[in-house]
Amino acid sequence: MPKEAKTTRKVTKGKADGGKKKKDPNMPKRGLSAYMFFANDQRDKVRDDNPGIKFGEVGKLLGEKWKALTDKQKAPYEAKAAADKKRYEEEKAAYTAGGSAGDDDDDE
């Protein structure tokens, strides 16, 4: 049985110069999820309650706590996430409409 020809990878655009294309620093940041608002709120408490805890274990405990919450307990975090999503969409619309000229719009 003959050996199969080994295929080689082609370098795609953007990879030849070291990887990712440069990100525009004026681009608006994406909105956080409800879980991320919860995690940011609870991370210090989890660390205080568990001294010497490893980085990965903090995330596991936060995930377990999030899953244990009722819909009513998650509601404030979901409201923050919705508001942050709305903020992102407005900033993104302004950014794409004026290119990166959105920073000249100080009258809001």
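This is a predicted model: local features need pLDDT of at least 70, side-chain atom pairs count only at pLDDT 80 or more; totals for chains, interfaces and linings use all residues.
View 1. Helix H2, which runs over residues 55-68 and has 14 residues, reaches 21 Å from its first C-alpha to its last, close to the 20 Å expected at 1.5 Å a residue. Its buried residues are Val58, Leu62, Gly63 and Trp66; seen down the axis of H2, these buried residues fall within an arc of 135°, so they line one face of the helix. The face turned away from this buried side carries the exposed residues Lys60, Glu64, Lys67 and Ala68. The buried residues of H2 pack against helix H1, residues 34-49, and against helix H3.

View 2. A search of the whole structure finds 5 aromatic pairs. One of them is formed by Tyr35 and Trp66, whose arrangement is edge-to-face, with 5.9 Å centre to centre and 75° between the planes. Tyr35 is partly exposed, with a relative accessible area of 26%, whereas Trp66 is buried, with a relative accessible area of 14%. The rings of Phe38 and Trp66 have their centres 5.3 Å apart and their planes at 50°, so this pair is tilted. Because Phe38 lies in helix H1 and Trp66 in helix H2, the pair ties together parts that are 28 residues apart in sequence. Phe38 is itself buried, with a relative accessible area of 3%. Tyr35, Phe38, Trp66 and Tyr77 form one aromatic cluster.

**View 3. Lys74, a buried residue of opposite charge to Asp71.** Lys74 is found in helix H3, which covers residues 71-97. Although buried, Lys74 has no salt bridge, and the nearest side chain of opposite charge, that of Asp71, is 5.1 Å away, which lies outside the 4 Å cut-off for a salt bridge. When residues up to four places away in sequence are not counted, Lys74 touches Trp66 and Leu69.

View 4. Leaving aside neighbours within four places in sequence, Ala81 is in contact with Leu32, Ser33, Ala34 and Phe37. The C-alpha atoms of Ala81 and Met36 are separated by 8.6 Å, although these two residues are 45 residues apart along the chain.

Methods
Residues are numbered from 1 along each chain as its sequence is written. Side-chain values use heavy atoms; hydrogens and water are left out. Helices (H or I, at least four residues) and strands (E, at least two) are DSSP runs, numbered from the N terminus. Buried means under 20% relative accessible area, exposed over 50%, partly exposed in between (1.4 Å probe, protein chains only). Lys and Arg count as positive and Asp and Glu as negative; His and the chain ends are not counted. Contact means heavy atoms within 4.5 Å. The expected span of a helix is 1.5 Å times one less than its number of residues. The arc is that of the directions from the helix axis to the C-beta atoms. Rings of Phe, Tyr and Trp (its six-membered ring) pair if their centres lie within 6.5 Å; planes under 30 degrees apart count as stacked, over 60 as edge-to-face and the rest as tilted.
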